[in-house]
Amino acid sequence: MSKNFKEEEIDNFRQCFQLFAPQGYVDTPDKLCFIMRSLSMAPTIAELKRYFTKYKKDAGVVEFDDFLKIVLEHRSTEDAPNEILAAFQHYDTQRLGYIDAKQLRYILTNTGEKLTDRDVDLILRELNVESDGRVFYDNLVHMLTQPLPGRR
């Protein structure tokens, strides 16, 4: 596995894995999600379930060696920033670089992995959306694809 990652990356993955899975394994897709997102990855719920099912041991857990396989597989398919940007550009038919906060709320609460209104409120608050309601999606994509604060 070390041929696929730099030693520094493996150390970073190991530290994060040990921090959130001190027992040496992950026993749910939710825990796998937390670790991956802490490492700046953005797997979907469906991907997480697939990875967990594919790589779990007979005991129903994912250990660090299999976690590295998951990271390698995920990296080969993920281009989250560009995928998210393309999705928002689809709604910006005039190519102005922003969408309305109401439209964003509708998208995030009614499509894909639906968010709650509270989740959307937190996102809008974090983005400091002005009274005109414009959400510049470059800023949104940047915020959504950054590591969780204090987790690295």
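How far apart do the C-alpha centres of domain 1 and domain 2 lie? They lie 27 Å apart. The chain is divided into domain 1, residues 7–77, and domain 2, residues 80–145, with bounds that come from an automatic or database domain assignment.

A word on conventions. This is a predicted model, in which local features need pLDDT of at least 70 and side-chain atom pairs count only at pLDDT 80 or more, while totals for chains, interfaces and linings use all residues. Residues are numbered from 1 along each chain as its sequence is written, and side-chain values use heavy atoms, with hydrogens and water left out.

Let us turn to the interface. Seven residues of domain 1 are in contact with four residues of domain 2 (heavy atoms within 4.5 Å). Together the two domains bury about 280 Å², 42% of it on carbon and sulfur atoms; buried area is the accessible area, with a 1.4 Å probe, that two parts lose on being put together, summed over both. Of the area that domain 1 buries against domain 2, Ser40, Ala42 and Ile45 supply 69%, more than any other three residues.

Finally, the cysteines. The structure holds zero disulfides, that is, pairs of cysteine sulfur atoms within 2.5 Å. The sulfur of Cys16 is too far for a bond because the closest cysteine sulfur, in Cys33, is 12 Å away. Cys16 is buried at 5% relative accessibility, and Cys33 is also buried, at 15% (under 20% relative accessible area, 1.4 Å probe, protein chains only).

Technical notes:
Buried < 20%, exposed > 50% of the residue type's maximum accessible area, 1.4 Å probe, protein only.
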